[in-house]
Amino acid sequence: MDLLTTILIIIIASYGLYKLFFFIKRKRAAEWIEQDKFQETMRTAQVIDVREKEDYNRGHILGARSVPYTISRAHKEYLLAIRKDAPIYLYDNRTSMAIYMAGLLKKEGYKDIYILKGGYMNWTGKTKQK
């Protein structure tokens, strides 16, 4: 094999491992929820935007609360705003931060955690723009 082929194989294998890591991490902490189901049931759940406050302020799903993952990881008292007795619907721009937040919540004893499949980038429902 030549050097270019070896590098290409390493890149493809690394990407596969990266995707596998997030699949396993998400599978342990939360379930995917499709956009239509999310919209149908979001009034009975806690809708949490885990993006940074600036992103939330630029636009977010109508009815969502901002609980940024980066702040919650460092200051777990922010998690106290999330109830343990109601479903939790998480989202970010895509899904990686929501997966990390789901893992953090699971570790803190939360259950019934869902992540919006496709994230905010693919959201077609109502939003609030600033």
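**Salt bridges, a surface patch and an annotated domain**

Asp-85 is exposed, its relative accessible area being 63%. The model is predicted. Asp-85 pairs with Arg-83 in a salt bridge, with 2.9 Å from N to O, and the whole structure holds 5 salt bridges. The UniProt annotation "domain: Rhodanese", from an unreviewed entry, spans residues 41–128.

**Salt bridges**
- Arg-83, the partner of Asp-85, is partly exposed at 47% relative accessibility.
- Asp-49 and Arg-51 form a salt bridge in which the closest N and O atoms lie 2.7 Å apart.
- Asp-49 counts as buried because its relative accessibility is 0%, and Arg-51, with a relative accessible area of 6%, is also buried.
- Lys-76 and Glu-108 meet through their side chains in a salt bridge of 3.4 Å, N to O.
- This pair links distant parts of the chain, 32 residues apart: Lys-76 sits in the loop between helix 4 (69–74) and strand 5 (88–91), and Glu-108 in the loop between helix 5 (96–107) and strand 6 (113–116).
- Lys-76 is partly exposed at 37% relative accessibility, and Glu-108 is partly exposed at 30%.

**Surface patch**
- A nonpolar patch on the surface is formed by Leu-3, Ile-7 and Ile-11, which together have about 300 Å² of accessible area.
- Ile-11 lies in helix 1 (residues 3–29) and counts as exposed, with 51% relative accessibility against a cut-off of over 50%.

**Annotated region**

Note on methods. Residues numbered from 1 in each chain as written. Predicted model: local features only at pLDDT ≥ 70, side-chain atom pairs only at ≥ 80, totals over all residues. Heavy atoms only, no water. UniProt positions renumbered as here; feature names shortened; annotations may be inferred. Patch = residues over 30% accessible without salt bridge, like charges linked within 9 Å, V, L, I, M, F, W, Y side chains within 5 Å. Areas by Shrake-Rupley, 256 points an atom, 1.4 Å probe, with all protein chains shown as cover. Salt bridge = Lys/Arg side-chain N within 4 Å of Asp/Glu carboxyl O. Helix = DSSP H or I, 4+ residues; strand = E, 2+ residues; numbered from the N terminus. Buried < 20%, exposed > 50% of the residue type's maximum accessible area, 1.4 Å probe, protein only.
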